[in-house]
Amino acid sequence: MTGAEPGLVVGVDSGGSGLRIALARAGDLRVLETVSSREPVRTGAGGIDAGQLVGQVLPAVDAMAGRAGGGRIAAVCVGAAGMATLGDRLRAELPGVLERTWGVRRLALAADAVTAYAGALGQRPGAVVAGGTGLIAIGTDLSGWRRADGWGHLLGDCGSGAWIGRAGLEAAMRAYDGRRGGSPALLARTEELFGPAAGLPGALYPRTDRPAVLASFAPEVAACAAVGDPVAREILRRAGGHAAEAAEAVCPSGTEVEVALTGGLFKMGEPLLGPLREELARLLPAAREVAPAGDPLAGAVTIAGALAEGALRLPPDPLLLRVTR
């Protein structure tokens, strides 16, 4: 197979909220169709459930390819949350399944941070901060990857939605106790959403989805900051500082290096973005913030297309970007 040979490419974005699959033309990367499932791929003792992922992806792609008039699958990129630490089964099983089923040998298995990077910046050097419930920064000079944070709500994810929500709830409980650093406004929001403050530990601690519950309070912090609550504003100032520090840790050296912010966290707007950009300017004076070109699914399609063309410049990595050709 030559790099110029036509065909189709498949991009997959697997995360905590479900699975998205895109079929595109190799070459121009025109997306022909996208399908979504709200059923997340399971994880267990063996890591990401390769069988469940295959069971969703193969029939979906076959159906899309049929509707597109058929065509050879030239390359596939699967981006998945937890790939770096929970992707052993995918790395062991998926190459053989795709080769037997579609005759595909060109496969990229990527951490979702890498597909977020490729969606935002393509194959250019730079740094990307991906923020949502969690937060991770990833950067490359095209010779290797650097990552910062993304360690979960107990060990890190500093500045993330879960971090902001937890800080807001702490400020609410401080106000309830009469301790310094409390926010009556955040206490009022807490009791509107969760009921009496004294019952909050019992409502929160047994939950298995604590990061998502914590993150659900982050918009309340932003709303209080927008109307001038000083405690909420300080929480978002600190969150912006954490995100900027993560970008600094992964940003390649050089002039005019690009930094992109991607993910739902940054839809909070100026109360978060203002302090973040101020700290970025202080820590990375040579960096230039750019708008992300696309999302992680677009990044998976970008990587698959480059792999099909023999033009992948993003550096392989045993955990972050495993490539077979």
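What follows is a short walk through a sheet, the helices packed on it and a few ring contacts in a predicted model.

To start with the sheet, it is open and has 6 strands in the order 3-2-1-6-7-13, with mixed pairing. Strand 3 (31-37) and strand 13 (321-324) sit at the edges, each pairing on one side only. Going from one strand to the next, the twist averages 10°. Strand 7 (residues 107-111) and strand 13 run antiparallel and are joined by 4 bridges; Ala110, for instance, has Leu321 in strand 13 as its bridge partner.

Two helices can be picked out here. Helix 3 (residues 88-102) packs on the sheet and touches strand 6 (73-80), strand 7 and strand 13, with its direction at about 150° to that of strand 7. Helix 12 (residues 296-309) also packs on the sheet, touching strands 1, 2, 3, 6, 7 and 13, and its direction makes about 145° with that of strand 1.

Turning to the rings, the count comes to 2 aromatic pairs. Phe194 and Phe217 form a tilted pair, at 6.3 Å centre to centre and 50° between the planes. Phe194 counts as partly exposed because its relative accessibility is 27%, whereas Phe217 is buried, at 0%. Finally, Arg147 lies over the face of Trp151, 3.9 Å from the ring centre.

Technical notes
Residues are numbered from 1 along each chain as its sequence is written. This is a predicted model: local features need pLDDT of at least 70, side-chain atom pairs count only at pLDDT 80 or more; totals for chains, interfaces and linings use all residues. Side-chain values use heavy atoms; hydrogens and water are left out. Two strands pair if DSSP finds at least two bridges between them. Axes are lines fitted to C-alpha atoms, for helices over the stretch in contact, and angles run from 0 to 180 degrees between N-to-C directions. Contact means heavy atoms within 4.5 Å. Rings of Phe, Tyr and Trp (its six-membered ring) pair if their centres lie within 6.5 Å; planes under 30 degrees apart count as stacked, over 60 as edge-to-face and the rest as tilted. Buried means under 20% relative accessible area, exposed over 50%, partly exposed in between (1.4 Å probe, protein chains only). A charge sits over a ring if NZ of Lys or CZ of Arg is within 6 Å of the ring centre and within 35 degrees of the ring normal.
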